[in-house]
Amino acid sequence: MAPCLREAEIKATPSTIWKSCFAPMKWEMWDPDVDGTEDVSGDCVDGTTFVFVMKDGPIKKAKFQLTDVKECETVRFTGRLLGGL
């Protein structure tokens, strides 16, 4: 499966972005397709599982897991969502 990538240029420090969007697991702050998260099993660290609640599309909820988390540097998540993310 090919990865889906998104990029944006933001005028803020990595620490500010991390504290605003990832440390409190506020994905909806930066991803326009996400309405929120549910069933978050922990902080923004490797192995945390959660459910994305999507704004639109045929699938409203999808489970994902965080991997390769490096604070203020990278976050990857794996899961399946047809026609979205």
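How exposed is aspartate 68, and what is its relative accessible area? Aspartate 68 comes out as partly exposed, with a relative accessible area of 27%. Keep in mind that this is a predicted model. Here are my notes, point by point.

1. **The overall layout.** The protein chain has 1 helix and 4 strands, and going from the N terminus the order is α-β-β-β-β. Of its 85 residues, 24% count as buried. The chain exposes about 6,000 Å², with carbon and sulfur atoms supplying 52% of that area. If you take contacts between residues at least 6 apart in sequence, 23% of them join residues at least 24 apart.

2. **The nonpolar core.** The largest nonpolar core holds 14 residues, and the ones with the most contacts inside it are Phe22, Met25, Trp27, Cys44, Phe50, Phe52 and Leu66. Two or more residues each come from α1, β2 and β3 (61-70). Strand β3 gives the largest share, 4 residues. As background, nonpolar side chains in soluble globular proteins tend to be buried together.

3. **The helix.** Which residues of α1 are buried? They are Trp18, Cys21 and Phe22. Looking down the axis of α1, these buried residues fall within an arc of 100°, so they line one face of the helix. As for partners, the buried residues of α1 pack against β3 and β4 (74-79).

4. **Threonine 48.** Threonine 48 sits in the loop between β1 and β2 (49-54). Is threonine 48 buried or exposed? It counts as buried because its relative accessibility is 3%, under the 20% cut-off. The side chain of threonine 48 reaches the backbone oxygen of aspartate 43 at 2.6 Å. Beyond neighbours within four places in sequence, threonine 48 is in contact with Val40, Ser41, Gly42 and Asp43, plus Phe64, Gln65 and Leu66.

5. **Aspartate 31.** Aspartate 31 is found in the loop between α1 (14-22) and β1 (34-38), and it counts as buried at 2% relative accessibility. What does the side chain of aspartate 31 reach? It reaches the backbone nitrogen of aspartate 33, at 2.9 Å.

6. **Two aspartates with positive phi.** Aspartate 39 has a positive phi of about 50° although it is not a glycine. Aspartate 39 lies in the loop between β1 and β2 and counts as exposed, with 63% relative accessibility. For aspartate 68, phi is near 50°, again a positive value in a residue other than glycine. Aspartate 68, however, lies in strand β3, and is partly exposed at 27%.

7. **Threonine 37.** Threonine 37 lies in strand β1 and is partly exposed, with a relative accessible area of 21%. How far apart are threonine 37 and methionine 25, in sequence and in space? They are 12 residues apart in sequence and 7.7 Å apart in space, C-alpha to C-alpha. The contacts of threonine 37, leaving aside neighbours within four places in sequence, are Met25, Trp27, Glu28, Phe50, Val51 and Phe52.

8. **The cysteines.** How many disulfides does a search of the whole structure find? The search gives 0 disulfides. For reference, a disulfide is a covalent bond between the sulfur atoms of two cysteines. Cysteine 72, by contrast, counts as partly exposed at 34%. Cys21 is one of the buried residues of α1.

Technical notes. Residues numbered from 1 in each chain as written. Predicted model: local features only at pLDDT ≥ 70, side-chain atom pairs only at ≥ 80, totals over all residues. Heavy atoms only, no water. Buried < 20%, exposed > 50% of the residue type's maximum accessible area, 1.4 Å probe, protein only. Polar contact = N/O pair within 3.5 Å; in protein donor to acceptor, adjacent residues only side chain to side chain. Disulfide = S-S within 2.5 Å. Contact = heavy atoms within 4.5 Å. Areas by Shrake-Rupley, 256 points an atom, 1.4 Å probe, with all protein chains shown as cover. Core = buried A, V, L, I, M, F, W, Y, C linked by side-chain atoms within 4.5 Å. Arc of directions from axis to C-beta.
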